[in-house]
Amino acid sequence: QVVLVESGGGLVQAGGSLRLSCAAFGRALSMLAAGWFRQVPGKEREFVAAISWGGYTRYYADSVLGRFTISRDNAKNTVYLQMNNLKAEETAVYYCAGRSVTSDDGSVYYTRHQSYTIWGQGTQVTVSS
């Protein structure tokens, strides 16, 4: 059983940066495709970024392309989300998600929240205008 724990959220001014971390406990992160989502009350969970287990493939929502970077360090069992030039409307709880894959799925990633089976508890990101 793997548990994902996010950290790095907080309060930042518009235009600022934050780096979120997602640490895996109880099992190696290396065989998990991973993703980041965000959610505000009353709205559906929104896809932000995804990365394949080997880090070979990354995919971003159009709204964050060029400003956010997803990466992973499997030796540290951690996935990261570097967020630059943040906007006030990006205030949300950010969630890390994982899904087990096989070694043959080195380039596979998922963008639908229904595709993920493991979720962290979320970390609040507040961007002030």
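A disulfide is a pair of cysteine sulfur atoms within 2.5 Å. This is a predicted model, in which local features need pLDDT of at least 70, side-chain atom pairs count only at pLDDT 80 or more, and totals for chains, interfaces and linings use all residues. Residues are numbered from 1 along each chain as its sequence is written, and side-chain values use heavy atoms, with hydrogens and water left out.

**Disulfide**
- The structure holds one disulfide, joining Cys-22 to Cys-96 with an S to S distance of 2.0 Å.
- The link of Cys-22 and Cys-96 is left-handed, with -75° about the S-S bond.
- Cys-22 lies in strand 3 and Cys-96 in strand 9, so the pair ties together parts 74 residues apart in sequence; strands (E, at least two residues) are DSSP runs numbered from the N terminus.
- Both Cys-22 and Cys-96 are buried, meaning under 20% relative accessible area with a 1.4 Å probe, protein chains only.

**Glu-6**
- Glu-6 is found in strand 1 (residues 3-7).
- Glu-6 is buried but has no salt bridge, and Arg-45, the nearest side chain of opposite charge, is 7.4 Å away; a salt bridge needs a side-chain nitrogen of Lys or Arg within 4 Å of a carboxyl oxygen of Asp or Glu.
- The Glu-6 side chain reaches the backbone nitrogen of Cys-96 at 2.7 Å, and one of its polar atoms lies 2.9 Å from the backbone nitrogen of Gly-122.

**Nonpolar core**
- The largest nonpolar core has 38 residues, of which Trp-36, Leu-81, Met-83 and Tyr-94 touch the most other members.
- Such a core is a set of buried Ala, Val, Leu, Ile, Met, Phe, Trp, Tyr and Cys residues joined through side-chain atoms within 4.5 Å.

Technical notes. Buried < 20%, exposed > 50% of the residue type's maximum accessible area, 1.4 Å probe, protein only. Helix = DSSP H or I, 4+ residues; strand = E, 2+ residues; numbered from the N terminus. Lys, Arg positive; Asp, Glu negative; His and termini not counted. Polar contact = N/O pair within 3.5 Å; in protein donor to acceptor, adjacent residues only side chain to side chain.
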